[in-house]
Amino acid sequence: MIFDVKMEDFRCEARLVAGGHATKAPATLTYASVVSRETVRIALLIAALNDIDIWAADVLNAYITAPCREKIWTTLGKEFGDDCGEKAIVVRALYGLKSSGAAFRAHLAGCLREMGYKLCPAD
């Protein structure tokens, strides 16, 4: 469990994090492409030159919206009360798993495709 305080409004935040540092995963499961800095700068330049508004968003709890693409189980800790010591199957990507970034990227790409968007070969 990772605890944090958000500096903008001093909210306390807790995030369940898997111990992915202790596991080995194939590179094909862990690679998640990201847009390059140059592409973002060019897009912002084009928008500024053409007086186009830019919108930005943040996906809250991004990783846990994606299904886990591998079989992972854990032993529940004392914070689970009467279920402490029981085995549980992880069905959502968690922060800390090596494959979570790729799982979220695949999930987001699938959602965008369903909305009619197409991949750009440049990125």
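Modeller: A search of the whole structure finds zero disulfides. Keep in mind that this is a predicted model.

Colleague: What makes a pair of cysteines count as a disulfide here?

Modeller: The two sulfur atoms must lie within 2.5 Å.

Colleague: Is cysteine 68 buried or exposed, and how do you know?

Modeller: Cysteine 68 has a relative accessible area of 16%. Buried means under 20%, so cysteine 68 is buried.

Colleague: Why is cysteine 84 called partly exposed?

Modeller: The relative accessible area of cysteine 84 is 41%. Buried requires under 20% and exposed requires over 50%, so cysteine 84 falls in between and is partly exposed.

Colleague: What is the overall layout of the protein?

Modeller: There are three helices and four strands, and from the N terminus on they run β-β-α-α-β-β-α. Of the 123 residues, 15% count as buried. The protein exposes about 10,200 Å², with carbon and sulfur atoms supplying 61% of that area.

Colleague: How do you know that the length of helix α3 agrees with its number of residues?

Modeller: Helix α3 covers residues 100-114, which is 15 residues. After α3 comes glycine 116, which has a positive phi, near 100 degrees.

Colleague: Which residues of α3 are buried?

Modeller: Ser100, Gly101, Ala102, Ala103, Phe104, Ala109 and Gly110.

Colleague: Why is alanine 103 called buried?

Modeller: Alanine 103 lies in helix α3 and has a relative accessible area of 3%. The cut-off is under 20%, so alanine 103 is buried.

Colleague: What does alanine 103 touch?

Modeller: Leaving aside residues up to four places away in sequence, alanine 103 touches Ala66, Pro67, Arg69 and Ala93. Alanine 93 is 10 residues from alanine 103 along the chain, and their C-alpha atoms are separated by 6.8 Å.

Colleague: Which residues make up the largest nonpolar core?

Modeller: Five residues do: Ala62, Ala66, Ala93, Ala103 and Phe104. With residues up to four places away in sequence again left out, alanine 66 touches Val91, Arg92, Ala93, Ala103, Phe104 and His107.

Note on methods: Residues numbered from 1 in each chain as written. Predicted model: local features only at pLDDT ≥ 70, side-chain atom pairs only at ≥ 80, totals over all residues. Heavy atoms only, no water. Helix = DSSP H or I, 4+ residues; strand = E, 2+ residues; numbered from the N terminus. Buried < 20%, exposed > 50% of the residue type's maximum accessible area, 1.4 Å probe, protein only. Areas by Shrake-Rupley, 256 points an atom, 1.4 Å probe, with all protein chains shown as cover. Core = buried A, V, L, I, M, F, W, Y, C linked by side-chain atoms within 4.5 Å. Contact = heavy atoms within 4.5 Å. Expected span 1.5 Å × (residues − 1).
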